[in-house]
Every structure is written in C-alpha cells, then in structure tokens.
Amino acid sequence: MNDEGLYVGIVTRAKNTGVARPEAWLAECGWDEWHAGRGKREETLNSAGAAQALCVRLPRWVRGFGAAKPGATNLRQTLKAVRNAVEADVRAGRVMFLLAEFPHSFTYSVGNRLWLDRVLGELEGLPLVVGFWSAEWYTSRLIEGLKQRNVALCLYDAPRLPGLPPAVEVLTADRVYARFLSRNGAAWKNGQFGHVLDYRYTKKELANIVPRLLMWRRKAEAVGMVFANGRWAAESAALMNRLLSAHVEAQLPKGGGP
Amino acid sequence: MTSGTIIHVNVIGLMAAVEEIVDPGVRGRPFVVARPDIPRAIVLDLSPEAYREGVRRGMLVQTACARVRALKVVPPRPELYEKVDQSLLEAAFCFTPLVERAGRGHLFLDVNGTRRLFGAPEDVARRLLGEIADQTGLVPTVALASTKTAAKVASRVFRPFGFAPLSVNDEGELVARQPVELLPGVGVKLLPRLISLEIGEIGTLASLSMDEAQAISARGPELVLRARCVDDSPVNPEPPSRRMLAGETVFEPDCADPDLLAWRAREIVAELGFRMRKEGFGAHFVMAKLVYTDGAVASRSVRAGQGASFVADIQLCEAAERAVRQAWERRVRVRKLQIELGGFEPAGPELDLFEPLPFFKAEPEIDSTGIQTRRIAMHMRVQSALDRVHGKYGQSAIVPAAAFLYREGSLVC
Amino acid sequence: MLTPLVTHSAYSLLWGVLTPQQLVEAAASAGWNALALTDCNGMYGLPVFLDACKERGLRPIVGVECTGGWGRVVTIARTKEGFSRLTRLLSARAAVLNEAGLPAYTRFVTLGRDNKQHSEALAKADTLLWCELAAIAAMSDPGLFLLSDSPTFLREVPCSPWLFALLSTAHASQWRALLKTGHKPVLSPEITFLEPGQREVQRLLAAIGLGVTVREVPDSMLAPEAAAFEYARAADNAGEIGLSLASDNSGSAAWLASAPLESRFCDLESSLAEAATANRCITEEALSEPFGDFVFPMWQAAGATDEVAGTCAPNDGAGAGISAPVALRRLAYEGAARRYGSLPPAVRERLEYELGIIEEKGFCDYFLVVNEIIKKAKRICGRGSAAASIVSYALGITDVDPIAHNLFFDRFLNPGRKDPPDIDVDFAWDERDSVLEETVRMFGAEHCARVANHNCFRFRGALRDTARAFGMPDEETSAIERRIEHNRDAALASADSVWKDIFSLAIRITGLPRNLGTHSGGIIIVPGNIADHVPVERTGSGILVTAWDKDGVEDAGLVKIDLLGNRSLAVVRDAIQNLHENGIELDLERWRPEEDADTIAMIARGDTMGVFYVESPAMRLLQKKTGVGDFAHLVIHSSIIRPAANRYIEEYIERLKGKAWKPLHPVLAELFSETYGIMCYQEDVSKVAVALAGFSSSDADAIRKVLTKKDRGHRLEMWKQRFYEGSAAHGVAPDVIDAVWDMIMSFSGYSFVKAHSASYAMLSFQSAWLRAHYPAEFMAAVLSNHGGFYSTLAYASEARRMGLELLPPDVNESALRCKGKGGAIRWGLGMIAGLSESTLKALVEARGGDTTPRRSSIFRPFVSVEDFAARVPFSREEAEAFVGSGALDSIAKGMGRPAVLMALLKACTARARHAGPGLFEDAERVSRGAHISSTPHTRISSEGSPSSSKTSERRIALSQMQWLGTTLSCHPLSLVPGALQMPRLQAAALDRHIGEYVRLAGWLITAKEVLTTHEEPMEFLTFEDETASFETVLFPAGYKQFRPALLEGGAFVVEGRVEESHGAITVTIAALRRLPAIPKLAETPRAPPPSGFGYASKFGYQAASRN
C-alpha cells in the first residue's frame, strides 16, 4: 500500500489501546485517550510501529465536554483549548482528521445550527469532519455550508435502520472520512442490539468499495476509513489494506501486471 | 431496507469534466469550454474553479476572460462528448433496458425486476457508478429513489460526486427537509412568495392542503404533488430520436440575420427529412425552437393539414422557415436553432426514380402549405433521386447553390 | 446654378442622417446660394434650418416632401398662405396616424408584424395626402409649388401651373418616363447623404424606427446612393461636359459628368434646359421667411368663444365686452388693494408705470390669459423675471412684493426690449397636468398646443437603440454600459468587432433627433387655428404638441406660457391640508414665514432637508458656513450656488463674515453693495456691461442671453471683445476688466434673476416654516410627494433624527398619502410598492374614505383579515405587498404574516373561481389537485407551520425595505451584516474629531459629480449613519479608484480626515469600501441557488439545466 493520502485504520478504544496493529495506518481514538496519552504518545505509537496518522475523535456532542481544559467556562475557551492541543500535531501530519460526531439527540434545530456554526467557526483551519446520526441534518443547507467551510461530512457504512444516518456519500471538503460500522441490520431487527456492530465484512463487500475509495482519492487530498465493526475491525482493516495494495500495485506500470 | 428502483445519473458539467480527464493539465484550473477566435463565442461549459470566479455558462467568452485573467479556453470536441454520452448510455444499458435520456450527461434508469440478475438496486447503482468511472473516467452524481422527482432532488443535494442510495424509509423525509428552491418548478417568482409564507422546505410545501396549494399559484396543486414526491411519470425508455427527429445548430457569432436563420433551418430540416424518409415516414409538424443570446427560448410549430404530412424537402423547408419566422418575435440575436420533426406517419410507398407516379396517397389535392399535389409529386421524384445520392455519398454530395453563401462562420452540430 | 430643392435632414425623423446645419454648411461650401429643406412629411427642422441659412447667408426655401405609398410630392411654399396650407396638411395627416397610435413621422408599415390597424391608418394617411395635394394642384393659386416624380400622381392629376415633374439627380433613370407625362419638368439635385456610407446610418435609423434588426431593413426603404452630396455637387465640374443647358451659367446639369449617364440624355437637351429654368424660377419665387410677428394668446378670444365665458371674465362677470387693458388695470388695482391694504403713492406709481408699458407693448391679453390659468390652482409660484412685476404680484402670480424687496421691472419688460414677455408659473407637480388640460379646455383645443421637445439621441440611448437594432439583448448592453461608465476608453478598446460597429454607429447617430416629446410645461395659445401657424401632432402619450421645440416656436413668434410642475408646492399644500385635518388652521392671508425667528434660525443652521430649494448638501453647507437665514440672504444664496461660481462663494462667505474688501471698480461697489460686491444675479451681467463697457441695454441683454446658451462659443468671443473694448474706452484698467470678465463667465450655464430667486425664496420660507413648527405634517408631505433631492430612505432617516416616529402603513389608519400628527408620521398606503391605483381606490371606497377615516360616520373599518379579503379585490402580487408592508398587522389578530398571506391568497383564488371558470384556473388542474386533501400527509417541517410564527423584527425591517423602500423604526444600516458592529465613529460625533483620521459606516444618500479647475472629475458624497448625515469629498485620485464601487449605492465604510470650514464639517475620503448588500427576503434561508454547485445556469445550453 503506497498510495499517499489513503488511510485505512480501526477504531481504538481506551480499553484496548494496544490493539493498534501494524497493518493499521490510521487510528481513531477518543479525545480523552489521546489527551491523556499526549506526553507519551510519540513513543507509544511509534514504538508500536502503528498509527502514523491519527483521527482524534472529539467526545460525542462536544457541547457537554469540558475536559479539554479544566476550568474552561465557555465554549470559546473550550474550543480554543482543543485547537491549542491539536494544532501542532495537525501541522506535523500526525493528526489527519478531527472528528466531531453528533448523536441522534442533536436535532436540526435553529439553536443547534447556530451552535454548530460557532463550533465550526472556532475550529476553522483544522481538518474537521462532522458526523450526524440524526437524518435531519442531511440537507442541502448543511452540505452547502460545509462546502463553504471546507468541512468534511463523515460517511457511514451502517445498517439501514431508522435512527441511523442515511448511507449517502458526498464530497464537501478536501478530505473524506468514512466509518464502517457494520451491515448487521438483521441483529437489530431480531432484537440483538448488542450485536449490531458485530459484523464481519466479506471480501466481496470490501472489494466493491475499493473503486469508490480510489475515486475519492482522486478528488480529495486525504481519504480516511476506519473500521468500527467491533471485534472484526482489525481483520477488516487488514483485509481492506491488502485489497487496496493489490489494486494499487495492479495499476502501477511495473510491466507484466495481471 | 427496501429502496426504490429509479436511478438518476447526472454528470455535472459533462464537457468540462471530459476535458479534465482528457487533459490533466487543466485539472484544478479555471477553464471554459468554448470556441476560441470567433467573435461573440460563448462559454459552453466551465470548470468549478471558473464557476467560483463568477464565470457562467452562456457568458460571452470575452466577458469571462475579462473576469478571470488566467482563464484557459479549451475548444469543444462535440464528437468526444457525444461518445462519452453514448458510453454513459451503454453503461446504463448493461443493467436495464429502461433508460431515459434526459439530456446530455443525464439519465434515468428503472432497475425494477433486475434484482436476480444484478442484485439490490443500491448495488446496481454502485456498480453503474464504477462502470461509468471505468469506461469514461467520469464521476457522476447518482441518486436512487422510488420516483424521478425524489431522485432528482437527491442528486441536487448530494453534489458533486455524490452517491445517494435512499431507502424508501429515508427518501420522503430527506426530500421534505430540502429547501423549496431545489424542487423542480420553483422559480424566481414563486420562491419569494413561498418564503413570505415561510414555506422554506419542500416538506412544508408538501403539507399544504388543496386550498392552500391552489392559493399559492394556479399550478400550486401540481407543485404540492411534486413536493410529496407523488410522481408517477415513468422512465421513458424510448430514445428521443424515436419520438421525434431533432437537429440543432449553434450560431457563433450569434445571428441577427433572418436570411441566415432561414438557411440554417433549411439545412437542418433537409438532413432530418432525409433520415425521416429513409424510415418511410412523413412528419405531421415541424417545430422551430430558438434560444436567444440572453437565454430566453421561443418555439413555434407549423402543422400539416388534417390527415396530411410533410414529406418532401420543399414542404419541410417551407414549414420550417415559417416556424422560424413566427418564433423569432423578439429583436434579439439568436444563439441556437433547433428544428424538430414529429407526428410521424407512414409516407406511402417509396417512389421510383424516373418513373411516372400514378397515385400519391398521403397528399390531398392542395396541402396546407398551398403547394399543389402535382408539383409535390414531381418534386418527390427529384427528392428520391437526391435521397439516393445523399444515402450513397453523404449529405454534402449535393447541396443547393445557396449553401455556398453561408458555408463560413457557423457550426452545424 | 441648380438649387437643391429636394433635401432631407435628420428631421426626416429616423430616416435622415444630416443635421440641417451640415446640409447648409455643405451647400455653402459648394457655392450654392439658396437651399431648400424638404423633410419627409414634417417640418420639424425648419427653425434650425432657417437659423443656419441666416448664419451662412443662404436663401432658405421652405418645403416638405409629402411621401406616401404612391410616391412623393415635394411641396415648396411660395406664400405664407401656402405655408399655412402645408402646416394644416401635415397636422391633418398626423391626426390620422396618431389616432392609430403611430407617430407622425411614420412612413412604412411596420415590418414583420402585420398590424391591421396600423396599415389601415397609413393607407388612410396616404390617401389624405394624395387627395389634398391633388386639390391643391387644382387651385388657382395655392401658394405652393408641387414637384412630383411619382408617375401615378402625375398621370392622374391634370396639368397645373404649380405642378412640376421632378427630375431628381438621384433618380435619373425615371426622367424619360416623367417627361412623357406632359407636366413641366423641373431639375433638382437631391441630397440625403453627404457620402454614400451614410446609408448604413440611415438603415440603422430605419431599423430603430421600425423596431426591427438592421438586416431586416430592405434597400428599398432607404434613399438611393445617388442621393449623396457628391452627385449633387458635380455641378462644379461645369465646363467638362459638352451638355450645356439654357443660357444660365451652364453648370446646371454638370452633375451628369459624374453620373455615368450623360450620353444617354443628349436627346433630352431641350427638356433639361427647360427643367433647369424651372428650378431657377422656383428658387426665386419661393417663400424664404415663413415666420412673422409675435402671435399672442387673446384674452377676448378666450372670454368670448366658449361656455366658460363667465369664469374667464374678470371677477364678477362684468368683463364681457370690456377691452383687455381696462380689464387688466381693474384687476391690478383690485389685487394691489388686497395685497397692500391701501394704495400708497409708491405702489400707485409703480402700477401705472408697469401698466403703461404692458399696454404700450400690447401684452395685456397675455397677462389676463395667465391670470385665467392660475385661477385654476390653489397654490402657485411665479418664477423667472416676471416676479419683478407689481402687476404679477397684484394678480397673485407671485408672492413677492417687488417694492419691499427691490425688484426692478425693467429686467422683465422695458420699452427697448424686443422679445416677448415670459411669465412662467409653477404648479404643484400633481396638479399641473390637470391645469394644462383645463387650460386647453378653456381656450379651445384648436387654439392650443403644448410645446414639443426634440428628443435627440444621447450616447447611452443611441447605444441602446443601436444594440437592439443589432439584436443585442438588453442585459448584455447594460453590462457594456456599466463598463463604459467605468472606463469608456478601455471598454471601447476591448470590445469585439460587432460591438465596435455598434459603438461607431451609435456615435454617428448621437445628437440626431429621435422623436417628439413634450416640453415640461410650455403651452402655445393662439387666437386662430393653431395648425395655421405650426404643424401639430400628438406624442406617444397623446398630448398635442407643436412640431417645433421651445426655441423653434420662439423663432416662429409663437408666445408660450410655461406652466411647470413643482413638488414643493404640493408639499406645502399637503402639509396645510394635513394641519387642517388635525384641526389646525393657518391664516394664509397673514402668513409671514419670512419674518419668523424660529424659521430663520433653522435655515441658518442648515437644518433644511425637505425644504424647497435649500435642501441640497451644497446649499445646506453654505447655510451652515454663513450662519444667516434671513430672507434677503437666502435670496443671495439661492443665486450664488451655481455651477461656475464656486470660487466666488468662498469669497462671499468671508466678506459676509466681515472681511474687508475693496471693490474691483467704484462703479461695481455701488451696483452690488447688497451682495458684498460680488455679481450674483443674472441681470448683474447686463448691469455691469452697461456701467463698465457702455453697452446699450439691448446689447447688455444679449450678452446675458448668450451666456445661457449651450453653443455659446464663438458668439461669446465676439461679446468678450466688445466688452474689453468698451471697458477700455471707459478707462477701466486691463486687470480689472479681466477680473470682471471672469466673474461674468461664472454665469455661464444657468443663473437666476433676483426676482426669480426672491419668488423661490418665498416658497422656501413657507416650507421651512412648516418644517420648523409642524415637523410631522411637513415631513409626511415631503415623503408623500417623493421629496425632491433625496430618496424616501433619506427622508425617513431625517424624520427619525427629527424625533418623529414612523408608523407602518395600516389598512384602517393610513390614508393614501403619509399623514403627520403630533410626533408621528403614518405611512401612506399609496407608498407601498406594487399596489395598483385601482386596488387602492377600491380599498378606500370599501372602507368609506381616504383621510381622517375615524371621524367619518360612513367609515367602515376592516375588522379582520377575512373581512378585508372579502371587501377589497387584489391580485396575488398585491396580497404579498399588503402583507409584506405590514398594512394588515393590526387586523391580523395574532395570526402570523404567513398565515395572513395564505388567507389572502386563498381569497384571491376563490374570487378568481367565482369570476368564472376557465379564466384563471383550468378545470382539469383543479380536479387533479382534488385528491391532495384526501391524501393525509403529516407536517414534516421543523420550521414551524405557516400559522403560528411571529415575524421577527429583522424580517419586518427587511420586508419594509422591500415594500416601502426604507426601514421605519431602525436605520437600514442595521440590516447590513456587520455595518454597525465594526469599530467606527458615529457621524453625530464628527465635530469632536476635527483634523483626525476617522472611520465611519455610511449609507450613500446622494452624490454630486463636479469637475475640478483642471477638468478632472471629483465627487461630493453625502452619507448617513444611524446618528446623522455627513458630507464627504472624493478628490480626483480617489474618484478614479473608488468610483466603480459607488455606482450601485448602498452601505460603505468611509475613512478619511475630518475637516472644518466656517463651522461646516466634511470628511475628505482616503478610503472607501462597499459593505455587503442588504439580503433580500427570499435569500434569508441562506441557501445557495437551486443550481447548487451552479452547474445549471439561466442559459439553457446544457441539457442539464432542463432537469
């Protein structure tokens, strides 16, 4: 895999920080985790030989978090703290994406829209990605607004279920970020809610996605995709990486390709 | 997670997109597709970068260049675009025969009943995207929905390079949440009224009662139906060329000369007439459509009398000229002329060259253009002779002498 | 030599290409000593032609080419009788065409569009011409020569001593046929062009006239190429050809040398000789002075001829039978007694003196006629020099006492003066048309005509017309115009080839007459039939006008009366009416606003926005700088502010403020003591010419007149020389002469006589008094009459600054006009954009009255939206206007505006349906929509339903901006994103920052472009913010840089240095930046246009946009 700007990775979680596998180029970790590990991050990550690129995931619904800076009293201070914390890493190319994901309860209300506008304004210039779980946000107004602000809209591969974001893809910025959740709609219907994210992508399914990823790569500067399908995440990422490598090599003019 | 079966494919700015693929040197630069070195040439298509600088389609190239200093002008390659358009169509035909050409770079597909062959509609849409990308290098916006309106609104929202496979659950609400101006049929006059009524979203429009719908405008009920995605118009697989024969010419520089306009109409109609007669048809009407330099459009048609049809060039030309004359009402230059023949009817037996004609069925005593049957009959013999020559050696093998007057300075597409 | 008897000037409207001056110039240079002007079916150019001939010493010949579909007859006037016959004929033809809505110059049926009415009218006009001309030819002495080259006409009409077969040099091929008709031949050069290339100009003009593109104008509609001057002029090549004609100086037919035809006409030698002689005879016998003495309106004619005789006779109806001088004397004395109370000797003496001159010169009728006219209006204001007359004052034509204010009658009328008196009267702008109509009715339509304006192509209009004739869409033309406005040379240089052609042609038609308009207020009243004196026709708006413009009718001796429109008269009238409605009555007989201390103080402060004549920024600055506001000084100020007098203003202010000054010459000290030694009034020029250079009073008057003419150039040079010589002869030092002449030059362009300024100052005082004492009523009247100098928006801001509350329009509370009461102004319904007059009328009728509705017993207020919708008919667009302007808010009863609008729209639909099916709705569509209500659909919107929302303040202000043209409760700047929030100084605090560099936010309210002494453009701009208005100066360097940004107006960031001069503060602009425009209501959703990424443009090129 030697196509710069195309990052495949997995979601890391506090409890399994060490899971970062050598195959994974991109790691998505939570803010607390990243923030906590700031001091030692370099050695942990590098020593693991793992993530060379990172997506820092702001706590869901940023509105409620004050961890960025203890004692921060208002939104502006909080976001300033976020900016201060990540800016150096962004410049150094260590943090490739900054994902702000909004839960289903973050509705498309005037207040929330104004609030979002402020958040995006304060974080302007950072490689922001926003994701909405409420389908209400998928409007032309939002998309045009994101285009104007060069903010990416997080693309989801998720079961088609009410309450989950629609599976649409659109380019609103110079970067693309996709999260692979699962396709386990059946689990939901069967009431096995715990297993919704327990899904093993097949090779065929992933292979289908490859051309689209390569297309995004042509239109954007950085494309990140992380697997969040629970225990299968690492495997899926590895598989995807192989598929991509194969594809890229196949296209390299080495002579005598398939 | 059922979805609809209508797929809308929209290649935004096809000409510019093709040029970007063919010539990577222009990628990421403001450029326009236009004929250089011709007075009053216009922007046929443009790159997003040029759009951001304020250039618009139909703008004079000179104005565009004055606006953007580094603007590159790429000459158009109509055959190439035609080819690309054709490949789009072919890619679509791989999945379903129900493909409607809604214009260059624009397709509607209905993939109903193809699940066993190609899988779920979403997969078809995705594969279609890949197919198009493989064959042409283009990345269209593709939307999947259960109606044409919903698919079209979705492709207007998720652009460019978007992919919107909407499930039946999603689509109604998704369309409802979009601003009203994305709904086909809402224009400059209606929009302020809707805004005054605080109808900002398609959903609000959709929730109006019949009284309210009618209050908004005489066509309000139609609009409300559309807002509800109640759209039973089928994907019409018949290619336009079957329903009617059409030809067009773009004037560069734009044309203010009635004689030239009439001549171009004759040229187009002669070509169309040839194709029509080859199929053994006569046309019931000839329509002329003018696009003025400022974008306004006017059209008029001339119909043959009851039970009659235009067959010979002499009739077609006369009708076309009359239609053009009637359509050209404004004192404004004409940028594009389009001629359509329609209402096809069998034109009777093909005529024998140099053989006297005993009876010619499709013609009444005196047809609507006032040309006597006898004269037509005589002319038909010449016509068949001409058609044969044209069939064998091409349209330019024999042309009227007047053609030499107008040969220069204009492009027949 | 052969006189050109057939020539066409540009007054063959939209066909001819030469000005009469060019024709005359060419003829003179070719050595002709006589020249005819025979324009097609018109005599519009006659006065200009006569003038030009006089100047070049050519003998003018008066004629008309009567052209119809059957050919043409060139008529040449031989006697005055014949001339009148022609004017009547043209008027009759014009009447036929006007009836069908065609202008009188129409010659051809409009191409392409088969308008039956038009072609019938044209055929009728052709027939009329034919019949009249045939009848004229049959007369024993019609006073006309008829020259025709129409074979049909010559064949049908019997020979007559006055009818000739016209052998025109432009149509030589017809000669043989014409000679065969048996009529006497006449040979004449024909000139339509100076060079054949001008035919393209003619094609363009014809295309403009016909409303088609140039490619559609066939050659047959144009004059033949042989009608060029070159052909006609070939007579100069006299000796070169063998064909010698008759015994005259032989060159007569020498033009044949250049026409390749000579050999073919050898056999016609004798006929051609005869034809040449005929040309000479006609030239000699033709009428060359068609104009005679003054033609005055006759008071008797007015009094005696119609049924309103009673009203026209003086006062009590005793006028019947008495002579004009007696009647005038009686009226003057009665009026003077009313004005002065008693008749002191000075008044008596002055009256006698004036009446004596008026009677001696026969102007009594004129005065009486004006007197009759002004009786028709409540409020008038005499203007011009007539205000110096005590007779005018006594008759009520003016309000200024000439004795008290030292106004001298001589400037108006004196025994030596040759031109007719000129009484101009202002009427309220909205009454003037009815006054004019009433005047026409009173004196009889056949005696009256308004004075025409010759509307000439100006560059912009010419460019637009030319572009249209080349099929350019207006939008593109507008874009080019903007580029030209910005930088003409660059725009012309960068144009493509088609536009270059358009430019060059547009320049060539610039200055040529285009059509007939109506002069602002001039009316001619003659005792006899107006058509005997001048051809008359109707303009596009149906007003009967003379064929000649104001200079032309003056040349023709037709004395005009100017009845002009004046907004401030309406303002004063409305304010007084408003006061009356509020129960306040003014005693107008004893009203002396010029003596009121508060008013004087207010004028001195320059607080005069809305006040007549002194509201412009320049005037207000002058008031501030001088700090005086009394009547005498106001008269000076309104005269000294004129384009060319800038540098004397500064001097005046200093002298006023006590600077010691020495007169240029002792004589001047005496003459101009009241204006501090500075020449101020127009008559001062004459005074100085008499006193310093010893001019006679008529010469002195002439020099004054020359200064006001546009083409003063060489004539002024002559007067300058005479002035210098005269002054030197009187021993005046050369440097003094220079200085005085410079001062005289400051009167070029326009300037006022003192009497005029005094009359206007009186009106200024009236309006200023109202502003000082009843600001609400006054500003309401200013707003309703659309003010004068400023926009509604600027007046609304001023009203807010004056502490007045602006109340939105209301269907129950508002009258049609704005009304003031106490500290508030209620917006008028008539001021809402987009409401038709008929709807407003219906509304007023439905509720039972316009003004003070609450008090009236028949007043039926609208109680609810439904009630309103049921009683007033309106369109969907008007419904939007009613709701958007807030006029229904008071009866909405808690319904939000969207709900109200929906209710109105529903009512509209219901009404349309009741009006009959099929008119607005088609049945199929109705039935198609019928199942909508049956398919229940849940409301999805998160935006709230149309019935509940409350409209936000900002939204209200935005819609006021849209429907009222201004915001009411806040300044429009508050709607401009970021304008009030940025760091800046408020304008009200400018006086504390003199000398500092400041930044302000400002809404541009007016701009005045001027030229510096180096002829560089600069601009004075007035802005305002939420606290005050402020004046700024943009010097040439800044002008170049920032001008493009200014073109569209709106909100700006202004940076510059604060300067102070004599207490007035200005900002010298260093930087200027446009702020974003106020968003339109429809844009508020902050969404991109439907095309999203913009790939579908208005232009329907790509199929993409069809979807």
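Reader: Is C:Ser9 buried or exposed?
Author: This is a predicted model. In it, C:Ser9 counts as buried because its relative accessibility is 0%, and the cut-off for buried is under 20%.

Reader: Where does C:Ser9 lie in chain C?
Author: C:Ser9 is in the loop that runs between strand E1 (6-7) and helix H1 (20-29) of chain C.

Reader: And what does C:Ser9 touch, not counting residues up to four places away in sequence?
Author: On that count, C:Ser9 touches C:Gly16, C:Val17, C:Leu18, C:Thr19, C:Pro20, C:Leu23, C:Leu37 and C:Asp39.

Reader: Staying in chain C, at what angle do the axes of H7 and H17 cross?
Author: Helix H7 (residues 198-210) of chain C and helix H17 (residues 459-469) of chain C cross at roughly 85°, and their axes come within 9 Å.

Reader: Switching to chain B. How many helices and strands?
Author: Chain B has 17 helices and 15 strands. Of its 413 residues, 59% are buried.

Reader: What share of the chain B contacts between residues at least 6 apart join residues at least 24 apart?
Author: For chain B that share is 66%.

Reader: Why is helix H7 of chain B called largely enclosed?
Author: Helix H7 (residues 148-157) of chain B has 10 of its 10 residues buried, so the rest of the structure largely encloses it. The buried residues include B:Lys148, B:Lys152 and B:Arg156, as well as B:Ala150, B:Val153 and B:Val157.

Reader: Next, the largest nonpolar core. Which residues touch the most other members?
Author: Of its 229 residues, those are A:Phe132, B:Leu205, C:Phe723, C:Ile825, C:Phe868, C:Phe882 and C:Leu904. Helix H32 (residues 754-773) of chain C supplies the largest share of this core, 10 residues.

Reader: Which residues is B:Leu205 in contact with, leaving aside neighbours within four places?
Author: B:Leu205 is in contact with B:Val180, B:Leu183, B:Leu194, B:Ile199, B:Ile216, B:Leu223, B:Val224 and B:Ala227.

Reader: What other core lies apart from the largest one?
Author: Another core, of 121 residues, lies apart from it, with C:Cys40, C:Ala207, C:Ala449 and C:Trp499 among them.

Notes:
Residues numbered from 1 in each chain as written. Chains lettered and ligands numbered in written order. Predicted model: local features only at pLDDT ≥ 70, side-chain atom pairs only at ≥ 80, totals over all residues. Heavy atoms only, no water. Helix = DSSP H or I, 4+ residues; strand = E, 2+ residues; numbered from the N terminus. Buried < 20%, exposed > 50% of the residue type's maximum accessible area, 1.4 Å probe, protein only. Contact = heavy atoms within 4.5 Å. Axes fitted to C-alpha atoms, helices over the stretch in contact; angles between N-to-C directions. Core = buried A, V, L, I, M, F, W, Y, C linked by side-chain atoms within 4.5 Å.
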